[in-house]
Amino acid sequence: MRKLSIGIIDLVTKAPSKTMWGRVMGANFASIMPQVVATWCEEQGHEVTLVTYTGREDLLRELPEKVDIVFIGSFTEAALLAYALSSLFRARGAVTALGGPHARCYPQDAQKYFDYVLGFTDKALILEIVADCAQHRPLGLHLSAARHPVQLPSVSERWKFIEQTLRKAPFIKIVPLLSSLGCPYTCDFCIDSSVPYQPLDADAMKEDLRFLLGKFKRPRVAWHDPNFGVLFDRSMDAIEEAVPPGRIDFIAESTLSLLSEKHVQRLKHNGFKALLPGIESWFGLGNKSRTGKTTGIEKVGKVSEHINMILKYVPYIQTNHIVGLDGDEGPEPFELTKRFLDLTPGAFPAYSLLSAFGQAAPLNLKFQQDNRVLPFPFHVLSNTQMNVRPRHYSWLEFYDRLIDLTKYSYSPRMILRRFVANGETIPRWLNVVRAFSSEGSGRAKYYTKIRRQLDTDRSFRRFFEQETTEIPQILEQWIRKDLGKFWDWLPDGALLHDPNAYLLSQQNSCSSCSVPRTNVT
Ligand code: B12
Ligand code: SF4
């Protein structure tokens, strides 16, 4: 077997950046899979260089001059940077592969710029690609394992890569772990709604936790499970067997339906310091929030009571809300969220605008059938940019209400109320910093900029109203400025994508054909 020089890039951010938040926290948002892929490749005797890109690194310097294959892990918001990097490394003679959320959501588009585009990725698939390591152009291969890997390399096996990433986090160091993949719930807007729930081996989890206890005085672990604690007792038993009470601080995303008082007490006992429950909507998804058919103000009351109960035990709570769902109409959803904040001052609210990421979720097909998806350049497409035309709002009304809600949420009054309501020092100050950062008042500024542009720029407005698919010049200017030197490497046409590619792929696929294990298209 030929020994290859393999580069792996984890794009934590979408452009060069020197912000303080990025400096302090960037490396803590690294993904697990690039480290996993690095470990699998190194096991085979290849020379591997992993770079976690937080916006400060010089990627050309950090990767060897001559790499045979470069794997890039990217969210959609970093896709244009990934495309630019692919063309840059291809020009230097490398083969390129894309994995991660963007590859799962927009494979048809990514195939134009990469030799391989990966969906579910297991070890066999990586070894297959490394063995092939060939150019596939003009259209790359779209490959996928049948499902997520059943097993991942242990923390000790990927420690070299974890350690080098954490070296970039100067104060707070957070290790990402997974105890499960997929989810048993079926929220139709979610990428995991059709991915079967799959717990990972409990003994492996215990081994990972014990290993970390030997590395840090007080480790901090973030569970990247889409929904932590589905098999609650199993997860807690494993933690209790491996970790003396309170020796590790944990952070997890979990649905409210799993967070009964008994469960929360056990989470407190086991050192859970931050929870991120999804509330999503006041007019739907009652199963997730244990509110059944209750909606509107009644749901606000119930959920607020629930969150206040959790706050008695767990010092940091971020509540996740989705804005712009089809069930929302008029001022009520926004006013109800404000009411929720008044009743629950200890929680930090995080808002995701309804974004239909390509083929991520079943609901996206419906949006595409109804011709409601806008072709925003990927660079601006994250949870802060809604790419679905709202069902019951004009864009102007939507942004007015959104700006009002955002300003209310991160106003000096709410910041003070949150500060007083939080008992512990770190959560208190974290909430203050976040409220002033790009996640808080920064968002209000961004939405205000969009709203102003809608008023003053005809081509911008026409794009939002779906009267044209031409990318407004101002958006192009923003992206060019942000990408800096990488703009020059952006392939022609990369600012454009087909917003209905998922629908088209469904229409073109024949249900009676059998799909080979790896080649999806
Ligand atoms: C944990 C999580 C986070 C964590 C950790 C992020 C991280 N760096 O991994 C935090 C809270 C930091 C986070 C932040 C954000 N997130 Co997030 N997050 C998730 C979540 C809940 C789980 C992802 C996960 O780790 N799954 C476990 C892994 C093993 O599975 P997987 O991701 O499906 O990966 C498989 C393949 O894609 C492949 N693969 C994955 N990575 C790579 C890399 C390489 C090199 C290769 C070869 C293969 C490969 O292998 C895996 C095994 O099959 C998902 C929702 C979900 N339910 O999946 C959203 C999700 C990934 N996030 C999303 C978004 C939008 C964001 C933010 C942009 C939000 C924002 N600010 O607007 C930020 C971006 C942060 C960043 N750049 O790092 C979207 C992504 C959509 C998209 N197409 O971009 C998702 C899908 C949720 C959604 N809205 O639908 N997130
Ligand atoms: S939104 Fe949460 S609970 Fe619903 S399917 Fe996705 S991960 Fe599961």
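Contact here means heavy atoms within 4.5 Å. Helices (H or I, at least four residues) and strands (E, at least two) are DSSP runs, numbered from the N terminus.

This is a predicted model, in which local features need pLDDT of at least 70 and side-chain atom pairs count only at pLDDT 80 or more. Residues are numbered from 1 along each chain as its sequence is written.

**Two helix pairs**

Let's start with how some helices pack. Axes are lines fitted to C-alpha atoms, for helices over the stretch in contact, and angles run from 0 to 180 degrees between N-to-C directions.

| Helix pair | Angle | Axes apart |
|---|---|---|
| α14 (residues 362-369) and α21 (residues 501-508) | about 95° | 8 Å |
| α16 (residues 412-421) and α17 (residues 425-436) | about 165° | 8 Å |

Angles over 145 degrees count as roughly antiparallel and 65 to 115 as roughly perpendicular. So α16 and α17 are roughly antiparallel to each other. On the α16 side, I415, R418, F419 and V420 meet α17 residues including W429 and F436.

In the other pair, P362, N364, L365, Q368 and Q369 of α14 meet A501, Y502, L503 and Q506 of α21.

**A histidine in a loop**

Now look at H46, which sits in the loop between α2 (33-43) and β2 (47-53). Is H46 buried or exposed? H46 is buried, because its relative accessible area is 5%, and buried means under 20% (1.4 Å probe, protein chains only). Leaving aside residues up to four places away in sequence, H46 touches M1, R2, K3, L4, I6, C41 and V130. With L4, a polar atom of the H46 side chain lies 3.0 Å from the backbone nitrogen.

Definitions and conventions:
Chains are lettered from A and ligands numbered from 1 in the order in which they are written. Side-chain values use heavy atoms; hydrogens and water are left out. Angles under 35 degrees count as roughly parallel, over 145 as roughly antiparallel, 65 to 115 as roughly perpendicular and the rest as oblique. Buried means under 20% relative accessible area, exposed over 50%, partly exposed in between (1.4 Å probe, protein chains only). A polar contact is a pair of N or O atoms within 3.5 Å; within protein, one must be able to donate a hydrogen and the other to accept it, and residues adjacent in sequence count only if both atoms are side-chain atoms.
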